[in-house]
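Trainee: I would like to learn how to read a model with two chains. Where do we begin?

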There are 2 protein chains.
Amino acid sequence: MTEKKNKVFIATSLDGFIADKDQGIEWLNSFPEINEVDTGYEAFISKIDALVMGRTTFETVLNFGIEWPYKKPVFVLSNRLKKVPDELSGSVQLVRGTLDEILKQIHNQGHHNLYIDGGKTIQSFLKEELIDEMVITTIPILLGSGIPLFGELSKPLKFKCIETTLFFDKVVQNRFLRFEN
Amino acid sequence: MTEKKNKVFIATSLDGFIADKDQGIEWLNSFPEINEVDTGYEAFISKIDALVMGRTTFETVLNFGIEWPYKKPVFVLSNRLKKVPDELSGSVQLVRGTLDEILKQIHNQGHHNLYIDGGKTIQSFLKEELIDEMVITTIPILLGSGIPLFGELSKPLKFKCIETTLFFDKVVQNRFLRFEN
């Protein structure tokens, strides 16, 4: 059976937020030099088969007003959306149901290495113990409030940090694998 | 003028908690091998002149039922406590007032490099931009809820990560310095 992995690649503030209290992400550019280097995103994305994100993240990306940035298939979790913009119909599929049902549907299309993105989506995957790996880039700014990456869980989940990388002696990136013992 | 520094050395869960929702810290031992090595605490403590902590942390340490663990002077912030246990009268001083008043009092006793400890105390120092350095050891467990290290701020605060250390490919420790530009 093909190994199936659900992975996260995300940046947070030092206090664990993925957006500030006004949903803003300008603070991601607090250290603009970081945008000039490869922080492993290309290598990460090259190894995944498809992306899974929530409606909020999908609409945020649409509102960037840039060209659709993903070359891999994107699955958008939404009970509300009825269709995707025509020009994305080849790239984006709407999915709904339980995470197990959604994953089965995605795996059946041959996508086994998945990039799970967006705060609520990541939290719901974590709640069901469905995240295998997380690469978290910490932008060392304390925002004081905002939208947190992590949320409530039914029970504690152990990971292990297997890699840490410092960029410009400013930004730190840690790679965590799920660790069950 | 002698340089004055306020430093933090603390462990948090991956989701940023310093204690679980029942105030428990057993999860700090999720990776017991970490207790067998020097994670820099001795070097850190050797360079500070005194500790500053809140009443909650002070009482937590007292309740450990162990010998008083600090060889350096400890200042306890409390408006409520009237006196410290007799056997600690030479080691612990109660202080009250604004942080500026408290710091002046401590500096006047010749203590300039301070270890700021305890969630509420760290948060109040951060709110007044009084933290210069933070060594944060991340125990890679998601608790889901608990007592957070960080809290609300009047404005975002920038740091830079200047050092990262991996222990046993499990636990990661990052050192942050206040960064103003």
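**Reading the pair**

Mentor: Begin with the symmetry. Chain B can be laid on chain A by a turn of 180 degrees and a shift of 0.0 Å along the axis, with an RMSD of 0.0 Å. That is how a two-fold axis relates copies. Keep in mind that this is a predicted model.

Trainee: How many residues of chain B are in contact with chain A?

Mentor: 31 residues of chain B are in contact with 31 residues of chain A. On the chain B side, strand 8 (141–142), strand 10 (157–167) and strand 11 (171–178) each give two or more residues. Strand 10 of chain B has the largest share, eight residues. By class, that side has 18 nonpolar, seven polar and six charged residues.

Trainee: Which strand of chain B is joined to strand 10 of chain A?

Mentor: Strand 8 of chain B, through two bridges; the two strands run antiparallel. Within this pairing, A:L157 stands opposite B:L142.

Trainee: Now a helix. Which residues of helix 4 of chain B are buried?

Mentor: First the general idea. An α-helix has 3.6 residues a turn, so residues three or four places apart point the same way. In helix 4 (residues 119–127) of chain B, the buried ones are B:G119, B:T121, B:I122, B:F125 and B:L126. Seen down the helix axis, they fall within an arc of 170 degrees, so they line one face.

Trainee: What follows helix 4 of chain B?

Mentor: B:E129, with a positive phi near 55 degrees.

Terms used:
Residues numbered from 1 in each chain as written. Chains lettered and ligands numbered in written order. Predicted model: local features only at pLDDT ≥ 70, side-chain atom pairs only at ≥ 80, totals over all residues. Contact = placed C-beta atoms within 7 Å. Helix = DSSP H or I, 4+ residues; strand = E, 2+ residues; numbered from the N terminus. Nonpolar A, V, L, I, M, F, W, Y, C, P; charged D, E, K, R; others polar. Pairing = 2+ DSSP bridges. Least-squares fit on C-alpha atoms with pLDDT ≥ 70 in both. Buried ≥ 20, exposed ≤ 12 C-beta atoms within 10 Å, placed from the backbone. Arc of directions from axis to C-beta.
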